[in-house]
Amino acid sequence: MHDVSTDSTDGTGNTARPSRRGVLAATAGLSAALAVPGAGAAHAAASHEDRRLRALIARMTLEEKVGQLFVMRVYGASATDPDQADVDANLKEIGVRTAAELVAKYRVGGIIYFAWAHNTHDPQQIADLSNGIQRASLQQSRGLPVLVATDQEHGAVCRIGKPATLFPGAMAIGAGGSAEDARTLGRLSGAELRAMGVNQDYSPDADVNVNPANPVIGVRSFGADPAAVARLAAAEARGYQDSRVAATAKHFPGHGDTAVDSHYGFPVITHSREQWETLDAVPFRAAIRAGIDSIMTAHIQFPALDASGDPATLSQPIVTGILRGELGYDGVVITDSLGMEGVRTKYGDDRVPVLALKAGVDQLLNPPSLDVAWNAVLAAVRGGELTEARLDASVLRILRLKARLGLFDGPYVTHAGVARTVGARAHLAAADRIAERTTTLLVNEGQLLPLSRRRHRRLLVVGADPASPSGTTGPPTGVLAAALAELGFSATALPTGTAPSDAAIDAAVAAAREADAVVVATYNVAAGSAQQTLAQRLTATGRPVVALAVRNPYDVAQLPSVSAFLAAYSWTDVEVRAAARVIGGRVRPRGKLPVPVQRADAPARTLYPIGYGLTY
């Protein structure tokens, strides 16, 4: 184990120990230089900036350079004083007690926030944690600001919850079809993240979801049309970067056509090179044209691009040959989590980070053992497998990003900024307006919708209540019933779950007989499933049944008996409330399917094409 926190002389012979003030002075004006308009001036500013950054790198120890490459998880709500349970978890998994100790020991260049790691209790706490991490890093000799990151995709993947503003997820935005809405989402969400000290977001998802059975992407994608995905991903990325938060297009070279989740297996993409060019590559090319700050690799095998059998994350032909060479991308490339099975299947945890760097990656995200990974990279340089110049190239890209985000000039945030920005009334109103443009009506027999408060006053709301992505929303049936009650209906919620028991189905049927209409929230309905049986039994009561898919719109193919069907694309409050306003007639449905829905009895035939959507 190498402790690099306070050594004054390092293995490369460097002895300089500039103070934090010296580092900041040496890099003063980097952010301003990046903003100089005009091509010639911009080139001159970039050259000047690179000279300053290269001077910083020249003073760094080898250990410090290795540290800059890693983005690591850490438990706790405080950088210096986490709860004892978080101290214990940190000691067990990382060998340190706190985030501050993590930064001091390994000099990591980035930290990733998770709700399950207790990093995201509330906005003021998140800001304090971010400040504590920056302070811990900058007080080191040759200290550098930290990229604080999270997965704030909205919709199905969301690490920071209420009172922050939560927007519709990507497929809902795809149904709305508005690049302006996508950019607004990125700009407002980015402003809130930046106010909390989060300066890199692993969003947008640039995968083209052409496989209805995709277990890991699905509604996280903008849709199945590569041109539409490209337009919306680029717009959202611009929005985040308008707010000085690094956007991240993922998962290169494209994770949209797989039936295997790379968290738990090793997917193989069977697209030809030509298919990749016309389908998967299109959104990434658009993101690069939009100036995307970072691109995340996928732990997938893509034989048409690299026949070696290596995952794309570890593939030199894919990362260096295609992404950097053919697509001309010279920004930061980050791996998906190195704890995922898709990247650990073929090689050990000590080889994965080294091979990723050899492939051309810059940031190494969340290895299962930081000590193993960090020392493996260090040993690879000392042993000659990696050159120090190779590390310098990645560190330069990372420092360029930090400079472009203004982190050398202003790494800290304030409570006043949080109070002014996070969950601002204007942001919440914008999220509601955007959501109202996404709800998609696919079936409306006999013009059942909008429901009438006179004829359908008593409503029963049943169905699935999946766990909240952020831990701060839902349950969907309760939110839906409350929203309908606000519109003047008498609505009762009766949750039945994603796999309702016979008793739950019987109870729902009995309650339906006392209602004027039933709304059922569905979640990934499969043929022969209990959710399908629930819908069939409810329809058999003779009461009108409205189905609302709160995840995949493909549910409609499994529910031919319902009188009306809408797609919300996620089960977070903003989408569920918007769907209630459509059901109750407060707003008309405007969403259009961003993916095709195939027939259940003939999957080769299309039931509803891309662009389909009813209104009233």
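This is a predicted model: local features need pLDDT of at least 70, side-chain atom pairs count only at pLDDT 80 or more; totals for chains, interfaces and linings use all residues.
**A walk through selected parts of the model**

Let me begin with Gly542, which sits in the loop between α21, residues 530-540, and β15, residues 545-549. Is Gly542 buried or exposed? With a relative accessible area of 61%, Gly542 is exposed, because the cut-off for that word is over 50%. If you look for Asp516, which is 26 residues away from Gly542 along the chain, you will find that the C-alpha atoms of these two residues are separated by 9.8 Å.

Now please turn to helix α11, which covers residues 273-289 and has a kink of about 60° at Ala281, shortly before the proline Pro283. Both Ala281 and Pro283 belong to the buried residues of this helix, among which you will also find Trp276, Leu279, Asp280 and Phe284.

His255 is found in the loop between β7 and α11, and since its relative accessibility is 1%, it counts as buried. Setting aside neighbours within four places in sequence, His255 has contacts that include Asp207, Asn214, Val216 and Ile217, and also Pro267, Ala298 and Ile300. Thr297, for its part, is placed in strand β8, and at 0% relative accessibility Thr297 counts as buried. If we again leave out residues up to four places away in sequence, Thr297 touches, among others, His251, Phe252, Thr313, Val319 and Asp336.

Next come the aromatic rings, where a search of the whole structure finds 7 aromatic pairs. In one of them, Phe114 and Trp116, the ring centres are 4.5 Å apart and the planes lie at 20°, so this pair is stacked; the reasoning rests on planes under 30 degrees apart being counted that way. Ring pairs also bring in Tyr75, so that Tyr75, Phe114 and Trp116 are linked into a cluster. As for accessibility, Phe114 counts as buried at 7%, whereas Trp116, at 46%, counts as partly exposed.

Finally, I would like to show you how two pairs of helices pack. Helix α19, residues 476-486, and helix α22, residues 573-583, meet at an angle of about 40°, and their axes are 9 Å apart. These two helices are therefore oblique to each other, and their crossing is right-handed. On the α19 side the contact is made by Pro476, Val479, Leu480, Ala483 and Leu484, while α22 contributes Asp573, Val576, Arg577, Ala580 and Ile583.

The other pair is α14, residues 352-359, with α15, residues 370-382, and here the packing angle is about 55° and the axes are 8 Å apart. That angle makes α14 oblique to α15. Which residues make the contact between α14 and α15? From α14 they are Pro353, Val354 and Leu357, and from α15 they are Ala373, Ala376, Val377 and Ala380.

Key
Residues are numbered from 1 along each chain as its sequence is written. Side-chain values use heavy atoms; hydrogens and water are left out. Rings of Phe, Tyr and Trp (its six-membered ring) pair if their centres lie within 6.5 Å; planes under 30 degrees apart count as stacked, over 60 as edge-to-face and the rest as tilted. Buried means under 20% relative accessible area, exposed over 50%, partly exposed in between (1.4 Å probe, protein chains only). The bend at a residue is the angle between axes fitted to the seven residues ending there and the seven starting there. Helices (H or I, at least four residues) and strands (E, at least two) are DSSP runs, numbered from the N terminus. Axes are lines fitted to C-alpha atoms, for helices over the stretch in contact, and angles run from 0 to 180 degrees between N-to-C directions. Angles under 35 degrees count as roughly parallel, over 145 as roughly antiparallel, 65 to 115 as roughly perpendicular and the rest as oblique. A crossing is left-handed if the near helix is turned anticlockwise from the far one by less than a right angle, and right-handed if clockwise. Contact means heavy atoms within 4.5 Å.
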